[in-house]
Amino acid sequence: MANPSSNDALYEAFVLEFSRAEPGLRAFVRSLVPTWEDADEVVQNTSLVLWKKFPEFEPGTEFGRWAAVIARFEVLKYRRTRARDRHVFSEDLVEILADEFDEESETLQRERNALETCLRKLPDHQRRLVKSAYAPGRTIREVAEELGKSATAFYKTLNRIRQTLLDCIERTLKEEGHAV
Amino acid sequence: MSAPGDRELQEWIAAYCDGRIGAEDFSLLETRLREDPEARRLYRRYLNLDAALQDSSEDEESQAWQSPGNPAHDRKVVTGPWVWGLGTALAAALALSLILIFARSGAGPEPAETMAEGFAILTETVDLVWGTPSEPGAVFRRGDTLAAEHLRFESGLAQIEFFGGATVILEGQVDFEIVSPTEAFLHGGRLRATAPPAARGFIIRTPDIKVVDLGTEFAIDSSAGRSEIHVLDGEVEFEGADGNRHRAVKGEAFAYSQDQTAPQSIPADAGGFTGVADLDQRSQHSAQKGYERWAAFSQKRRQDPRLITYYAFDEPGTWDRVLRNSQAPRNPEQDGAIVGAMRFPGRWDYPKSALEFKRTGSRVRVFIPGEFTSLTFTCWARVDSLDRKYNALFLADNYQPGEPHWQFQEDGRLMYSMKIREEGKMRNYIYYTPPVWDISLSGQWMHLAAVFDASTQTVIQYVNGKEVSRERAQKDAEVHTTRIGAGEIGNWGLPTKDDPWFAVRNLNGAIDEFAIYSAALEGAEIREIFEQGTPY
């Protein structure tokens, strides 16, 4: 393929592919590293590698799969630099988790798609709470403090809402005729 | 669907997901995941949900931020013309990574840290009379932060604490200039300076000498081409215009003038300069006078038939959870219930108290029946910071048509608003002042008033007795009947049994004295309330 520097169309094609694959890629990476900070860093590294290697990508094959292969490699590379100081899963477990995520990627995507419907079914105050917990640029501790709750109590509530959402997502997929 | 141990597993997964899992639980979770495919499935679904929630909040964010050029908004489209202009792989990759960084961090660059300007604080004043306005020099109040200011006053006392650690008491008439946190210039007048060891090296210059403190207490009298230095404790070094340095110790005093080549020894005069203890006594005396003046005025005010309710905040004791309605004759029906707010000394020491609303849930609940036309709100407020988007002074609970809301917006503007009904729909109609508060006013008492004059459909707002805004309602926003009903000082809204969440609007600060009138008070009346009640 042509040199990317002289080919704006290539960049445009890349951006299109990447933005389509990104939600799945982020979910995949998130399930393999301890925090969102880690996940963001790995996804960013992955995006740069993907762009560099994009001339090797065969159009017509699945970009998401290809991206996942590279992301898995980036996760392993990243976890070696962090393994000592934090709660990082061992390499063999990361491999198992990555394989299984890959196998289930379609179901997981359907689950992500069902979220909006389930969010709408939540009572107002629960929806507000979960939104504020995920508001960009704010820590849960800050949010809890603003609501006058202890962080522990807030986490407990948040976990309960997540369980409700998971149940709802499971039901939704069943109703759509997908085995979960 | 929950097998034994599932609950525990869910708790571990949740804790791991939120980055708060302990070392022991982490290793239990890891073992369980390695051994149990069902546990991995649970884990996968949970983390997948976490990712979906994160994405969903960002999508919303990018819709909310429609401002052009905000990268978060452009994330899904990604390409702007600026990317094409760069043209190299490196630039494109760089642009991409920037886009990703911005998208992740949400709204862009972090807000700037709060900054304030200053070298010193005016910590005490007694009977201070500032210089005539024709002379350049600013006027300040107790508690103000002072930068490189030139202070001139005719009489009275002022205590200034420098950030460097030295304290200076000035006696009027004085002409004094702050240079830095560790240096000042006495153009003329008398001062007494204390510099504990931590503040060693504090410098005061006069037209005749430069005095360097070596960990001590000293006084300077500078007038008519001559400066006297009296060492009250410790040791100082001083230097005349000739450049010769001298040292003086406790009990010594010297006079110096520009035409003198050597300092002249004079008798020391320790008692002639006001010290911290004298100042404290005089300031208490002055505060007592201020309190008595206010108390006399307040007694008259209580009988004003236009009052709807009046809280003078002068109950004895700090334990009382009732905020007494001070109207005469007494009307206990409109006593307020204090919730969470704490009593502290108000503008003057007890029995004049104030209520601090620093806790999220703190408030004073009141119930004020009836229908009115014009309204006037007045209060003394001390704002420590505007932490919330809206910071309550007084808010009616339900916010039905004709019910008022009076609060600070986070940018320092006061907002008085009323709900109006327009073509069957409810609408919020807000009257703003320009910004009247910033961090430099933190901890200062200020008098606030909002007047709704129903006859002219105008809202006039005042700060410290001065009008700061005046706005007439648009034709469709006229209000002819006002009501209050249930409401709160210092916060907003009772949560319900089914919905325990409430908007956080508590004022980070305190309120001292609060009144509502069923009439539009005149500017002169507002000014008098301010003048008779100012602690400065």
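Colleague: Over which residues of chain A does pLDDT stay under 50, and how many contacts beyond four places in sequence does the model have for them?

Modeller: The term pLDDT is the predictor's confidence in each residue, from 0 to 100, and two residues are in contact if their C-beta atoms, placed from the backbone, lie within 7 Å. In chain A, residues 1-5 stay under 50, and the model has 11 contacts beyond four places in sequence for this stretch. Chain A as a whole averages 84, with 92% of the residues scoring at least 70. This is a predicted model, in which local features need pLDDT of at least 70 and side-chain atom pairs count only at 80 or more, while totals for chains, interfaces and linings use all residues. Residues are numbered from 1 along each chain as its sequence is written, and chains are lettered from A and ligands numbered from 1 in the order in which they are written.

Colleague: How does one describe two packed helices?

Modeller: Two packed helices are described by the angle between their axes and the distance between the axes. Helices (H or I, at least four residues) are DSSP runs, numbered from the N terminus, and axes are lines fitted to C-alpha atoms over the stretch in contact, with angles from 0 to 180 degrees between N-to-C directions. In chain A, the axes of helix H1 (residues 8-30) and helix H5 (residues 105-121) come within 11 Å and cross at roughly 105°.

Colleague: Which residues make the contact of H1(A) and H5(A)?

Modeller: Pro23(A), Gly24(A) and Ala27(A) contribute from H1(A), and Ser105(A), Leu108(A), Gln109(A) and Arg112(A) from H5(A).

Conventions:
Helix = DSSP H or I, 4+ residues; strand = E, 2+ residues; numbered from the N terminus.
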